[in-house]
Amino acid sequence: MLTHPSLRRLSFHTRISRRMWRHIAMAAMLSPLLACSSEPTAPPTNADDAGTTCPGVSLPGGEDADFSSVSGLFVPMSKVRAELDKGARFVFVDARPSGDFAMHHILGAISLPFFDASVCAASLPLDVWYITYCGCPHAESSIVAKAIIAAGGKAKVLDEGYIAWKEAGHPIYPAASVTGTDAGS
Amino acid sequence: MHTLTANGPRARWMSAGLCVMSVWILGGCASEPVTPDPLEAARTDYARYCGLCHGDDGAGYIAPRANALSNDLFLAAASDDFLRVGIRDGRPGTKMSAWGVAKGGPLRADQVDGLVALMRSWQKRTTLTLDESKLTGNAAGGETIYAENCASCHGPAGEGGSALSLNHPVFLASVSDGFLRASILQGRPGTPMPAYAETLSASEVDSLIHVIRSFSPGK
């Protein structure tokens with residue numbers, strides 16, 4: 001119902017000129033644009049995959065390690081240590097959050113937290129074996145290992161995990177920083 | 001019969017009015033505003049960083065000792081600062097990492113605040129008014145109560161077991177006596193942590209808290 005006095009005069013027998021119709025049609029065409037401009041701006045999300053910093057890898061020298069004979073996803077610590085002692089070429093991947101890595105980690109490891117794995121796995125060199133680990137000892141490291149494998153790489157999970165590696169006296173960095181249960185996730 | 005043309009000042013005003021009305025009527029989006037979810041970013045962060053251990057809905061214990069963040073009594077007793085410090089500084093030496101950027105983690109202060117707000121959105125009951133009065137008595141007698149009631153889950157020295165640890169310096173520095181009182185008296189319904197309101201007297205609860213405080217290094 002038209003209630004404003006000026007509009008009330010637009011009774012059903014009022015004729016609207018072609019020029020007026022053009023004005024109305026133009027307004028109708030513009031309305032979606034104006035309406036869309038009134039849509040709320042989506043709140044920011046923090047999952048900024050584009051801003052994720054993926055680790056660089058300095059590939060070690062030596063003959064390639066051979067973990068292909070180990071069935072399944074998990075490799076025993078003794079096998080990993082044996083390959084390390086042989087000077088075989090592979091890379092440790094710390095799957096724990098970056099704060100834990102900053103405190104201490106397996107000597108020579110790179111940090112690829114589990115929550116960045118899906119973004120960063122494909123950026124790793126894929127012609128080398130990766131041994132992932134966490135303190136869980138499997139939850140976070142399995143996510144990273146599976147992401148590397150999904151990207152076309154070769155990965156196993158350190159079965160006993162980081163805490164067992166540390167308590168067995170295998171090399172960590174910094175060497176003297178870890179005591180008691182201070183092992184992170 | 002009138003012929004309304006776009007000539008003349010009155011007609012131009014009417015033309016403009018019609019344009020405005022068309023925009024108003026046809027701009028359907030404007031009449032149905034979509035309310036943005038202020039916690040969307042926090043939900044993303046929670047799923048990315050927290051859910052693996054604490055569960056998608058905060059039910060907890062997906063990983064051992066990852067407590068139930070959505071437990072209503074926990075949220076009713078925990079202050080925002082307690083939650084904030086717990087996320088930011090973590091529990092170094094446990095599976096709970098320090099998530100704040102200052103500790104090498106990925107979360108900015110505003111992201112930590114977002115996670116606190118998300119947890120608050122899970123809280124259904126009114127925030128408790130905690131009894132923060134000075135502890136009475138001392139640890140005498142508390143050791144026996146702890147050994148008989150708490151050690152089997154929290155460890156003989158508060159180091160944790162099936163339940164979370166009580167001896168962590170960050171925990172002890174940030175938790176209040178009122179939070180501990182409320183937690184002991186009311187427990188955590190829906191978890192193995194029972195309520196001791198019918199079992200322990202107020203002085204026995206305070207003795208127990210003295211014992212827990214003694215777990216802190218330097219005391």
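## Ile143 and its surroundings in chain A

Ile143(A) lies in helix α6 of chain A, which covers residues 139–150; helices here are DSSP runs of H or I with at least four residues, strands are runs of E with at least two, and both are numbered from the N terminus. Because 22 C-beta neighbours fall inside 10 Å, Ile143(A) counts as buried, where a residue is buried if 20 or more other C-beta atoms lie within 10 Å of its own, exposed if 12 or fewer, and partly exposed in between, with C-beta atoms placed from the backbone. Leaving aside residues up to four places away in sequence, Ile143(A) touches Ala95(A), Phe114(A) and Ala117(A), contact being defined by C-beta atoms, placed from the backbone, that lie within 7 Å. Ala117(A) is 26 residues from Ile143(A) along the chain, and their C-alpha atoms are separated by 7.3 Å.

## Basis of the description

The structure is a predicted model, in which local features need pLDDT of at least 70 and side-chain atom pairs count only at pLDDT 80 or more, while totals for chains, interfaces and linings use all residues. Residues are numbered from 1 along each chain as its sequence is written, and chains are lettered from A and ligands numbered from 1 in the order in which they are written.

## The two chains

Chain A has seven helices and eight strands, and 34% of its 185 residues count as buried. Among contacts in chain A between residues at least 6 apart in sequence, those that join residues at least 24 apart make up 73%.

Chain B comes to eleven helices and one strand, arranged along the sequence in the pattern β-α-α-α-α-α-α-α-α-α-α-α. Of its 219 residues, 34% are buried, and residues 24 or more positions apart account for 63% of the chain B contacts that have a separation of 6 or more.

## The largest nonpolar core

The largest nonpolar core contains 71 residues, and those with the most contacts inside it are Ile131(A) and Val144(A); such a core is a set of buried Ala, Val, Leu, Ile, Met, Phe, Trp, Tyr and Cys residues joined through C-beta atoms within 7 Å. Its largest share, six residues, comes from helix α3 of chain B, residues 40–54, and the core draws at least three residues from each of domain 1 (36–128) and domain 2 (130–219) of chain B. In soluble globular proteins, nonpolar side chains tend to be buried together.

With residues up to four places away in sequence again not counted, Val144(A) touches Val93(A), Ala95(A), Leu112(A), Phe114(A), Ala117(A) and Thr132(A).

## Helix α3 of chain B

α3(B) bends by about 50° at Arg48(B), the bend being the angle between axes fitted to the seven residues ending there and the seven starting there. The helix has 15 residues, yet its end C-alpha atoms are only 18 Å apart, short of the 21 Å that a straight helix would reach, the expected span being 1.5 Å times one less than the number of residues.

Within α3(B), the buried residues are Ala41(B), Ala42(B), Asp45(B), Tyr46(B), Tyr49(B), Cys50(B), Cys53(B) and His54(B), and the buried residues of this helix pack against α6 (109–122) of chain B. Just after α3(B), Gly55(B) takes a positive phi of about 90°.

## Domains of chain B

Chain B is assigned domain 1 (36–128) and domain 2 (130–219), with bounds that come from an automatic or database domain assignment. Taken over C-alpha atoms, the centres of these domains are separated by 22 Å, and 15 residues of domain 1 are in contact with 18 residues of domain 2. On the side of domain 1 that touches domain 2, the elements giving two or more residues are α4 (72–77) and α5 (80–89) of chain B, and the largest share, four residues, comes from α5(B). By class, this side of domain 1 has eight nonpolar, four polar and three charged residues, where Ala, Val, Leu, Ile, Met, Phe, Trp, Tyr, Cys and Pro count as nonpolar, Asp, Glu, Lys and Arg as charged, and the others, Gly among them, as polar.

Pro169(B) lies in helix α9 of chain B, residues 169–174, and counts as partly exposed because it has 15 C-beta neighbours inside 10 Å. Pro169(B) and Arg91(B) are 78 residues apart in sequence and 8.1 Å apart in space, C-alpha to C-alpha.

In helix α10 of chain B, residues 177–186, Phe179(B), Leu180(B), Arg181(B), Ala182(B), Ser183(B) and Ile184(B) are buried.

Technical notes:
Contact = placed C-beta atoms within 7 Å.
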